[in-house]
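Visitor: I'd like to learn how to read a model like this one. Could we go through it feature by feature?

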Amino acid sequence: MASFDFIEASAKGYEFSWRERSYLLRAAIPLILVKFFCTLAIYFFNIPNQSLLSGFVHIPAYVVEALYMISVIRFIVFREPLFNFRAMAQFVINMKSETKDKSSSSAQHKVVSNEKTQMFKAGVVFYLLIKTIQTAMTGALLEYSQTIDPQASSQVTPPNMLSVLFALIVVAGMLWAFRLIWLYIPVTLGYSIKGFLAHAKGMMSSFSMFATWFMCYLPLVVLFTGVFMVVDMVIPSDTILQVIIHDVIRISGEIMIAVVQITAMTFGFVELLTGRRMK
């Protein structure tokens, strides 16, 4: 069954993110600001967190996040520069000022450039689609949980073989479907969904992805939990300053965790799809 070395992929995710931390952080500043302003809007309009309405408010942040994360994948594999607004403005200026060269080399360059643009756009679209589905499911589950009667939910029925078997099937299905969350990575690299699923068949590939996700998630969550504890000891509680600092740390932590996870997954997916390991 197809799989990849999740330990090596996770180690490369941490190593690459740390080595390129300065470049990654500079490019992530617009994303941090947009996420922060979306969070302020949720506070201002008193919108419940993780609700469908809060997801709607976060749409601008999701768009910027998609542009940033997809460019991270392209930067890892193809060494393309990370997306930023200044580069995009300069690109538009260059497009307006470039001459109409009809040579074959110019035509070939345009074809390659179009292919890169199409892969980038496809990755952004899939990232936004997956993000939208996750947000909608989270919001729907939150609203559904509020309609459940606490007294009815407290009456737990004893498990039987049928319920245990059903639970195992659900867990196996969720583990297999875990690969679908990362579909934007192979699409960004130029692979079709059918081709990716053919390479990632079997449960071992999903296990490798889940293990990589977990190894890039738990240590960083513990790290930022410690940071929150230090902040709470230094800054007075229940103050606006504490709320702002908490939000900045939380947003930065979420982006950092996502970058490490996506970097590790990209290294793993390259091994899974090509059979070779990136250095």
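Visitor: Let's start with a single side chain. Which residues is tryptophan 182 in contact with, leaving aside its neighbours within four places in sequence?

Guide: Contact here means heavy atoms within 4.5 Å. By that rule, tryptophan 182 touches Met209, Trp213, Gln261, Ile262, Met265 and Phe269, once neighbours within four places in sequence are left aside. Before going on, a word on ground rules: this is a predicted model, so local features need pLDDT of at least 70 and side-chain atom pairs count only at pLDDT 80 or more, while totals for chains, interfaces and linings use all residues. Residues are numbered from 1 along each chain as its sequence is written, and side-chain values use heavy atoms, with hydrogens and water left out.

Visitor: Got it. How many helices and strands does the protein have?

Guide: The protein has 13 helices and zero strands. These are DSSP runs numbered from the N terminus: H or I, at least four residues, for a helix, and E, at least two, for a strand.

Visitor: And what share of the residues is buried?

Guide: Buried means under 20% relative accessible area, exposed over 50%, and partly exposed in between, using a 1.4 Å probe and protein chains only. Of the 279 residues in the protein, 35% are buried. As for contacts between residues at least 6 apart in sequence, 81% of them join residues at least 24 apart.

Visitor: Which residues have the most contacts inside the largest nonpolar core?

Guide: The general idea is that in soluble globular proteins, nonpolar side chains tend to be buried together. A nonpolar core is a set of buried Ala, Val, Leu, Ile, Met, Phe, Trp, Tyr and Cys residues joined through side-chain atoms within 4.5 Å. The largest one here has 46 residues, and Tyr68, Trp182, Tyr184, Met209 and Ile255 have the most contacts inside it. Two or more residues come from each of α1, α2, α4, α6 (104-146), α9 (184-188) and α13. Helix α13 gives the largest share of this core, 11 residues. Apart from this core lies another, of five residues, with Cys216, Leu220, Ile257 and Ala264 among them.

Visitor: What about a polar residue? Is glutamine 261 buried or exposed?

Guide: Glutamine 261, found in helix α13, is buried, with a relative accessible area of 9%. Leaving aside neighbours within four places in sequence, glutamine 261 is in contact with Trp182, Trp213, Cys216 and Tyr217. A polar atom of the glutamine 261 side chain lies 3.4 Å from the backbone oxygen of tryptophan 213. For a polar contact, look for a pair of N or O atoms within 3.5 Å; within protein, one must be able to donate a hydrogen and the other to accept it, and residues adjacent in sequence count only if both atoms are side-chain atoms.

Visitor: Now a helix. How do I check the span of helix α1?

Guide: The expected span is 1.5 Å times one less than the number of residues. For the 14 residues of α1 (residues 6-19) that comes to 20 Å, and the end C-alpha atoms are 20 Å apart, which agrees. At the start of α1, a side-chain oxygen of aspartate 5 reaches to within 3.2 Å of the backbone nitrogen of isoleucine 7.

Visitor: Which residues of α1 are buried?

Guide: They are Ala9, Ser10, Lys12, Gly13, Phe16 and Ser17. Down the axis of α1 they fall within an arc of 160°, so they line one face of the helix; the arc is that of the directions from the helix axis to the C-beta atoms. They pack against α2 (21-44), α4 (59-78), α11 (203-215) and α13 (240-274).

Visitor: Which residues of α12 are buried?

Guide: Leu220, Phe224 and Val231. They cover an arc of only 30° around the axis, which puts them on the same side of α12. On the other side of α12, Val222, Met229 and Met233 are exposed. The buried residues of α12 pack against α1 and α13.

Visitor: One for the backbone: what is the phi of asparagine 46?

Guide: Near 55°, a positive value in a residue other than glycine. Asparagine 46 sits in the loop between α2 and α3 (52-57) and counts as exposed at 68% relative accessibility. Aspartate 238 also has a positive phi, of about 55°, although it is not a glycine. Its place is in the loop between α12 (218-234) and α13, and aspartate 238 is exposed, with a relative accessible area of 74%.
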